[in-house]
Amino acid sequence: MKTKKKSGAKRLSTGEVVTYSLGSLGAQFSGNCVNAFFLIYLCIYQGLNPLVMTVAFVLAKMWDAINDPMLAAIINNVKKSRFGRYRPWIFFGAVTNAATLVAMFVPLGEDVSTVGKYVYYISMYVLWGMSFTLVDVPFWTMLPTIANTTSERNRASSMAKLIGGLGGFLVGMIGTSIILPNFSQNGMKSAYMIIGATAGMIMIIFLLVMVIFNKEKYPIPHSNVSLKTVIKLFKSNDQLRPYAFSLVLYLSGVNIATSQLLYLYTYCYQDGANLLDSAYSYTLFWVVACTGQGIAMFFYDQITKKIPREKIYEFSFWGCVFSYILMFIIFFFLEEKHYLFNAIAIALSGTFVMLASGLNQIGSTVMIADITDYGEYKTGKRADSIMFSVSTLIQKIAGAMAMLILGIGISVAGLPTISDLPIANPDGSYKTTVSAFYDDDKYLISSEETWELVQSDSQYDGKAEFVEDNLISNKSLTILRSFMFLMPIPLCIIAYFIYKKKYILYGKTYDDIKSEIDRRRIENGFIDDSENTSA
């Protein structure tokens with residue numbers, strides 16, 4: 001028996017928008033923690049091969065290509081509970097994902113073999129990806145159940161992306177400017193585990209707030225689906241395909257250029273580019289850059305009233321291309337001792353790329369809801385979880401592609417690993433822990449303060465060397481910068497042309513499709529004609 005939507009259903013309130021957006025922030029704390037810190041933790045502090053790890057990440061995403069739709073189908077098919085169809089999954093996924101996030105940064109001891117480390121960390125990464133699906137798919141699938149019109153979806157998704165986008169900035173700020181400087185006394189490995197635990201705790205808190213204060217108030221047509229149906233839906237929805245291919249390429253470029261900036265700051269810009277300590281320079285970059293993204297997201301709804309949504313989306317591609325060129329020039333030609341100019345130029349270049357990225361994030365989120373409507377229009381079936389799982393899968397594939405490209409860059413650049421050196425007192429008791437580059441069976445140290453501590457401990461006699469010159473060669477930094485800022489340009493250009501040639505769901509075309517969907521629902525007795533008219 002079909003259920004009619006209750007007349008007089010409340011419109012989307014400000015409180016619902018805010019609490020829904022906090023859920024996005026919680027999820028992004030986990031995702032951005034992995035994107036920003038996991039690869040550098042494994043390769044630089046655990047000494048694992050970047051090519052091996054990035055290939056493993058790509059293979060994990062191939063598994064996600066099968067796993068994500070399967071989990072989405074389970075979410076879509078499980079009987080709705082009194083707490084709704086999606087909220088129980090979101091909370092369960094948050095707890096599970098937070099646990100795996102902590103496990104990913106557990107510092108394995110020297111007694112664990114290299115093979116054992118590969119097996120452990122790759123397994124944790126796969127489990128993290130699966131549990132993140134349990135959060136992300138039902139979270140975004142809820143959007144049509146709390147926002148029935150395009151205007152409400154724009155409002156909810158833009159604020160969710162705005163607040164969620166802060167996750168990247170906040171994770172970087174908390175990690176590099178608070179946790180790493182203040183909790184590294186027992187080693188950088190332990191400090192990274194604290195970052196994972198902090199991100200997981202924040203994730204659970206914010207998603208719990210979202211689950212408590214948001215209810216699925218708009219029932220939508222629901223059909224059980226199988227994996228075979230998933231494949232069929234992807235084939236039949238000619239708007240889903242260009243959307244997915246275009247966004248994978250676009251996000252890969254953005255991830256390469258922004259998420260991996262920590263590598264440049266970790267290696268401290270030995271050419272004298274830092275205005276502040278490297279940890280705080282990284283935070284300064286994100287403070288300024290995310291201001292641009294925040295402005296774009298905050299005013300997105302107002303901008304769409306003046307400029308067509310499709311034009312804003314197109315700008316996001318070319319805005320990023322311009323930003324990549326600008327960032328490459330700035331990072332490549334930074335001059336020693338020009339601290340203030342370097343800091344301002346770097347931050348402004350980041351602002352522009354984040355502004356364009358923010359506009360793209362909101363536009364793509366609304367588009368997947370529109371594509372879901374289009375799928376219902378063409379097939380008569382509405383498998384929201386399946387459609388929104390594509391968005392999660394896109395983010396994972398893009399992140400893996402970015403890691404793969406950067407992993408190649410790290411290997412070609414020949415960057416040294418960083419080791420934790422525990423320093424003992426003369427009586428043998430523990431004193432502190434310092435970090436040093438490790439290359440050619442030597443600990444390379446450029447800080448006089450660190451060198452004095454290492455010299456005071458006899459266990460490092462003959463194993464450490466003080467280096468006055470730059471520890472990282474200009475050639476290595478040039479290679480890393482090239483991979484980070486030149487590689488995304490062709491990806492972004494190809495993505496634009498895929499979208500421009502194939503995507504049609506905007507303007508009158510989409511309005512006609514949405515009107516036809518509403519007409520069918522009224523005809524089938526799923527919604528009241530009077531309520532549809534008032535909406």
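Among contacts in the protein chain between residues at least 6 apart in sequence, 80% join residues at least 24 apart. This figure comes from a predicted model, in which the protein chain carries 20 helices and four strands. Of its 535 residues, 58% count as buried. The accessible surface of the chain amounts to about 22,000 Å², with 63% of that area belonging to carbon and sulfur atoms.

On the nonpolar side, Phe91, Val95, Leu208, Ile212 and Phe213 make a patch of about 440 Å². Helices α3 (87–104) and α7 (188–213) each supply at least two of the residues in this nonpolar patch, and α7 gives the most, with three. Phe91 belongs to helix α3; because its relative accessibility is 33%, Phe91 counts as partly exposed.

The charged counterpart is a patch of negative charge on the surface, where Glu448, Glu449, Glu452 and Glu468 gather. Glu468 sits in the loop between β4 (464–466) and α17 (474–485). With a relative accessibility of 72%, Glu468 counts as exposed, since the exposed class begins over 50%.

Turning to charge pairs, the count of salt bridges comes to nine. One of them joins the side chains of Asp238 and Lys378, at 3.1 Å from N to O. This pair links distant parts of the chain, 140 residues apart: Asp238 is in the loop between α8 (227–236) and α9 (240–259), while Lys378 is in helix α14 (residues 339–379).

The side chains of Asp518 and Lys514 meet in a salt bridge with an N to O distance of 3.3 Å. Both residues lie in helix α19 (residues 507–523), four residues apart, or about one turn of the helix. Asp518 has a relative accessible area of 12% and is therefore buried; Lys514, at 14%, likewise counts as buried.

Arg520 is partly exposed, with a relative accessible area of 27%. Salt bridges that share partners join Glu516, Arg519, Arg520 and Glu523 into one network.

Conventions: Residues numbered from 1 in each chain as written. Predicted model: local features only at pLDDT ≥ 70, side-chain atom pairs only at ≥ 80, totals over all residues. Heavy atoms only, no water. Patch = residues over 30% accessible without salt bridge, like charges linked within 9 Å, V, L, I, M, F, W, Y side chains within 5 Å. Areas by Shrake-Rupley, 256 points an atom, 1.4 Å probe, with all protein chains shown as cover. Salt bridge = Lys/Arg side-chain N within 4 Å of Asp/Glu carboxyl O. Buried < 20%, exposed > 50% of the residue type's maximum accessible area, 1.4 Å probe, protein only. Contact = heavy atoms within 4.5 Å. Lys, Arg positive; Asp, Glu negative; His and termini not counted. Charge placed at Lys NZ, Arg CZ, Asp CG, Glu CD.
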